[in-house]
Amino acid sequence: MTTVLQHREISERTRSLSTLGRIDYSDVATIETSVQAAPETWARAIIEQTAGTGAQVFWHAIGLRLDRRSPRNIGGWTLVATGGDHIVLETSSFYATINAIGEVDQGRVSLALLARFDHPFARIACPPITLVHRRGIGLLLRGAAHRLGRHQP
């Protein structure tokens, strides 16, 4: 079974990839895997395939603005930056702006969630949402690794 390492503190590198000027919430999960894929491929496997429709319903329910009309979006999240070893996605609601940052490096894949609270309501809404995220992120990373691993030699 794939081990998921989870922590709340993000690295300086991850912080530098964020589009948020201020970060009010952060956490990150990392898996070690032999699956090799580009960051965008990982993001699509996590968000569109593994999380799928259930996550879309949840994200809409918590007020996230998702736009599925553009090919530059992944599961409705806006693709704001990509490089050989990372991808940065963003979405927002009336109460928060959120980055999802994926990093792929030497057999490790990390997914960080960073949020800037834009309205006092975020301090009430985010704690229960983050519980769901922290419990689910490991499952999403494992599920994506399984999906992607099926297509590798």
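In which helix does isoleucine 124 lie? Select isoleucine 124 and look: the residue lies in helix H3, which covers residues 122-149. Keep in mind throughout that this is a predicted model.

**Stop 1: the nonpolar patch**

Stay on isoleucine 124. Is this residue buried or exposed? Its relative accessibility is 64%, so isoleucine 124 counts as exposed, the cut-off for that class being over 50%. Together with Ile124, they make a nonpolar surface patch of about 320 Å². Show the surface here to see the patch formed by Phe94, Phe121 and Ile124.

**Stop 2: helix against helix**

Next, select residues 39-61, which form helix H2. Keep H3 displayed. At what angle do H2 and H3 pack? The angle is about 135°, and the axes are 9 Å apart. H2 and H3 are therefore oblique to each other; an angle over 145 degrees would have counted as roughly antiparallel. The crossing of H2 past H3 is right-handed.

**Stop 3: a pair inside H2**

Zoom in on H2 and pick arginine 44 and glutamate 40. A salt bridge joins arginine 44 to glutamate 40, with 3.1 Å between the closest N and O atoms. How far apart are the two along the helix? Arginine 44 and glutamate 40 are four residues apart in helix H2, so about one helical turn separates them. Colour both by accessibility. Arginine 44 has a relative accessible area of 22%, so this residue is partly exposed. Glutamate 40, at 29% relative accessibility, also counts as partly exposed.

Side chains of opposite charge can pair when their charged atoms come close.

**Stop 4: two more pairs**

Select arginine 22 and aspartate 24. Their closest N and O atoms are 3.1 Å apart, in a salt bridge. Arginine 22 counts as partly exposed at 43% relative accessibility. Aspartate 24 counts as partly exposed at 26%.

Move on to arginine 116 and aspartate 118. Here the side chains meet in a salt bridge with an N to O distance of 2.7 Å. Arginine 116 is at 22% relative accessibility and counts as partly exposed. For aspartate 118 the value is 36%, again partly exposed.

**Stop 5: a network**

Finish with Arg13, Asp85 and Glu103. What links these residues? Salt bridges connect Arg13, Asp85 and Glu103 in a network. How many salt bridges does a search of the whole structure find? The search finds seven.

Note on methods:
Residues numbered from 1 in each chain as written. Predicted model: local features only at pLDDT ≥ 70, side-chain atom pairs only at ≥ 80, totals over all residues. Heavy atoms only, no water. Patch = residues over 30% accessible without salt bridge, like charges linked within 9 Å, V, L, I, M, F, W, Y side chains within 5 Å. Areas by Shrake-Rupley, 256 points an atom, 1.4 Å probe, with all protein chains shown as cover. Salt bridge = Lys/Arg side-chain N within 4 Å of Asp/Glu carboxyl O. Buried < 20%, exposed > 50% of the residue type's maximum accessible area, 1.4 Å probe, protein only. Axes fitted to C-alpha atoms, helices over the stretch in contact; angles between N-to-C directions. Parallel < 35°, antiparallel > 145°, perpendicular 65-115°, else oblique. Left-handed = near helix turned anticlockwise from the far one by under 90°.
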